[in-house]
Amino acid sequence: MKTREIRERFLKFFEERDHLILPSFSLIPQDDPTLLLIGAGMAPLKPYFTGEKKPPYPRVATCQKCVRTPDIERVGKTSRHATFFEMLGNFSFGDYFKKESIDWAWELVTQVYMLPEEKLYVSVYEHDDEAYDIWQEEVGLPEKKIYRLGKEDNFWEIGQGPCGPCSEIYYDLGFEYGCGRPDCQVGCDCDRFVEVWNLVFTQFNRDAQGEYHPLENKNIDTGAGLERMAMALQNVPSFYDIDIVKPILDHFIDLTGVKYGEEEEKDVSLRILTEHLRSITFMVVDGVLPSNEGRGYVLRRIIRRAVRHGKLLGLEEPFLHQAVPLVVEIMHDVYPELKEREEYTVKVVQLEEERFQETLEQGLNILSSHLSTLEKEGTRALPGEVAFKLYDTFGFPLDLTREIVEEKGMDLDEEGFEEHLQVQRERARAAQEQQEDLSLKVDFEELKNYSTRFIGYDRTEGEGRVLALIKDGSLEETASPGEEVNIILNATPFYGESGGQVGDRGVVEKEDSLAEIKDVSHGPYQLILHKGKVERGEIRVGDQVKARVEEDKRSNTCRNHTATHLLHKALKEVLGEHVNQAGSLVSPERLRFDFTHFAPLEREDIKRIENIVNRKIWDNIPVEVEETTLQEAVDRGAMALFEGKYDEGVRIVQIGDYSLELCGGTHTRFTGEIGLFKIVSESGIGTGLRRIEAFTGPGAFYYLNEKEENLKRIARKLKTEEDKVISRLESFLNSYRELEKENQRMQQKLASSEVYSLLEEVVEVEGVKVLASQVESSDMEGLRSMVDHLRNKLNSGVVVLGSAVDSKVLLVAMVTKDLTEKGLHAGKIVGEVAKVAGGGGGGRPDMAQAGAKDVKKLPEAIDKALEIVKKQLT
């Protein structure tokens with residue numbers, strides 16, 4: 001059965017059972033700060049489960065695009081792990097519950113998909129007797145087909161939000177695809193038993209503190225991995241053999257000339273390219289752009305991991321972008337947005353490839369050199385300083401360096417990496433502090449009885465008296481030619497920087513004395529500070545002076561400020577009322593407008609916004625200013641910005657019946673004075689934040705005139721047509737979305753039976769619980785996950801686990817916090833243990849890892865752990 005038919009039959013099945021069929025949501029979460037990317041079918045529906053919003057119908061079914069990366073290091077190494085997948089799901093919001101969801105799931109897999117019952121097994125949460133009874137008594141499954149598993153396997157949660165016990169349906173691929181252990185069964189981490197459907201009985205809501213609260217209405221959230229279902233229905237052994245994935249694998253086999261199935265290392269690389277290409281394509285199409293923050297960094301990691309594995313297969317030139325059309329061809333009938341944004345996606349991927357290709361070779365050579373040196377010296381841990389250099393200079397994501405290091409059987413000093421990263425951040429902060437105006441480090445207490453009256457709303461010249469002069473951080477009586485000074489007047493037409501509008505420029509003069517004013521800012525006690533340099537004569541405290549603003553610059557600033565009000569309103573019209581101003585910069589040269597919005601603007605949207613603003617300009621609407629009370633302004637619908645604090649007396653700026661905002665800035669008298677409005681860039685600057693930069697008036701005119709040749713040159717350099725330069729330039733902008741905190745990673749599935757059996761091996765050393773054991777684990781991540789689970793069970797103790805993987809030894813040590821305070825140190829313990837097997841490593845006092853070469857000495861090394869712990873204690 002083709003994947004498309006599997007998808008269609010699922011949705012039709014539930015449509016016939018009174019479910020509303022919804023299209024897939026974007027991979028970018030909307031209004032959910034707990035998620036980086038949509039990783040489950042229910043994620044976009046969370047507000048319906050929690051009761052925040054009313055669902056469009058009590059029953060819903062979807063096929064949802066998903067991206068998950070906690071298992072990224074296992075992608076390519078197993079037959080089933082993937083970062084991108086489609087999740088088939090049926091959902092009930094306070095309507096049906098366990099009985100119906102179990103009955104329908106069994107009916108669909110056995111009577112519609114016709115999967116043989118003898119190959120199907122189920123699991124339930126160990127304490128969920130209700131689900132167990134439904135499977136046994138109503139569905140009729142024998143007891144040997146039903147497995148009770150623990151919370152790590154059968155309790156579903158992903159970050160904050162709805163969660164609850166679950167029941168899973170497994171398909172048995174056959175003994176030959178398993179681990180070969182006689183006790184291999186449902187719950188084993190090998191490839192034999194493939195989970196094809198997870199039925200989540202949503203009964204709780206998990207808050208930010210990890211507490212569980214009963215939901216008012218019980219809900220159903222099921223997820224059937226489309227690709228895994230296809231493995232069962234197409235009777236193929238792996239994800240890479242299904243009809244929508246195999247053509248991509250075949251493409252990379254042809255491209256590299258590698259014979260698949262002959263060398264496992266090369267097979268892994270081919271599978272990584274195949275799987276990652278799907279994630280990359282869908283993420284870019286949905287608006288994610290490569291960056292060093294949040295979901296943009298997730299995309300960058302995936303692209304750069306794929307590029308590196310391409311290089312391992314001999315692909316020296318950019319190649320991923322050339323395969324994007326293949327994903328589009330396979331999937332666009334279901335997701336038409338792929339076709340619509342194909343060209344854009346190809347360009348974004350190509351650009352990121354090219355940027356990484358520039359530094360990849362050099363970075364790999366440096367890393368290889370360090371690893372060779374460490375191996376000769378018998379040191380098994382790559383210093384954090386090296387990992388940071390690769391990250392900072394060569395663009396290597398930390399997990400890419402970790403993967404390469406672990407392939408060599410070595411460890412990575414991640415704590416040292418974090419220390420260097422923190423030093424860099426502190427250095428950046430210090431540089432920012434150095435840019436602050438040290439001349440203002442003065443005690444303003446002496447000036448608390450003074451204030452400056454602003455008289456510049458309707459004029460650019462005025463007279464005032466010099467109240468104070470500040471030079472080099474102290475109050476002075478005079479300022480002479482060549483001296484930098486801050487001048488404080490009792491009245492001024494100079495606008496001080498505030499509300500995003502920059503300070504005016506101009507001169508303060510009297511008779512034969514003149515100071516050029518470069519910037520104006522607000523100080524305490526309603527004082528306005530004019531920062532400048534005395535060009536001739538002397539300026540003295542008490543002088544009566546003329547203050548004259550540079551009129552052209554003020555006029556241009558006014559144009560840009562009034563244009564931001566028009567822009568704000570136009571954005572609401574085009575994008576929706578959720579748009580609000582989140583910041584701005586209004587200068588004589590340009591305007592920058594930050595606003596709330598969840599996705600990049602389409603080209604057509606930008607054109608519409610420009611047209612609306614320009615029409616309002618050409619209508620020459622009066623710009624009226626009025627002072628009133630805050631309450632009256634709010635009652636009239638004036639927009640208050642930045643969630644700022646306002647005095648009771650406020651100023652509102654009204655542009656006809658189009659715009660009404662609280663604003664203390666300077667504006668044109670009529671919109672026609674703006675002349676022309678032109679958006680020059682649109683980009684993401686953070687979570688749910690976008691930025692528009694634009695020119696008005698003379699700036700827009702000069703921009704359009706003078707940039708024409710530059711546009712042609714840029715187009716040639718970017719290898720694109722002139723009318724497509726804007727979308728290409730967007731990918732260069734350094735202001736991408738700052739995203740919400742990383743969504744806590746999914747708990748790694750652990751084999752609970754093995755964890756519980758390990759607890760029986762705990763012994764006491766000097767009154768301290770110690771567990772040292774050799775275990776089965778496919779990688780370091782699996783060991784760490786097992787240690788985390790054991791720590792929760794032990795409460796207090798020491799754990800040392802070792803595993804032999806691909807002819808190398810992996811070791812992890814953990815010490816609970818109460819024991820680190822008594823002197824036990826995980827880094828020192830694991831380092832000593834690793835030496836026994838010819839390796840080394842280290843890390844934090846509470847958690848550390850190491851690697852070694854001599855697999856035969858692993859049992860001896862594990863046995864040594866008890867002696868090492870005892871030595872540390874005594």
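Close-up 1. K717 is placed in helix α19 (residues 697-718); helices are DSSP runs of H or I with at least four residues, numbered from the N terminus. The model is predicted: local features need pLDDT of at least 70, side-chain atom pairs count only at pLDDT 80 or more, and totals for chains, interfaces and linings use all residues. Residues are numbered from 1 along each chain as its sequence is written, and side-chain values use heavy atoms, without hydrogens and water. K717 is exposed, at 61% relative accessibility (buried means under 20% relative accessible area, exposed over 50%, partly exposed in between, with a 1.4 Å probe and protein chains only).

Close-up 2. The structure contains zero disulfides, a disulfide being a pair of cysteine sulfur atoms within 2.5 Å. For C184, the closest cysteine sulfur belongs to C190 and lies 3.5 Å away, too far for a bond. C184 is buried, at 13% relative accessibility. The sulfur of C558 is 10 Å from its closest cysteine sulfur, in C663, which is also too far for a bond.

**Close-up 3. The salt bridge of R17 and E107.** R17 and E107 form a salt bridge, with 2.9 Å between the closest N and O atoms (a side-chain nitrogen of Lys or Arg within 4 Å of a carboxyl oxygen of Asp or Glu). R17 lies in the loop between α1 and β1 (20-22) and E107 in helix α3 (residues 98-112), so the pair ties together parts that are 90 residues apart in sequence.

**Close-up 4. The salt bridge of E8 and R4.** In this pair, the closest N and O atoms are 3.0 Å apart. E8 and R4 are four residues apart in helix α1 (residues 3-15), and therefore separated by about one helical turn.

Key. Helix = DSSP H or I, 4+ residues; strand = E, 2+ residues; numbered from the N terminus.
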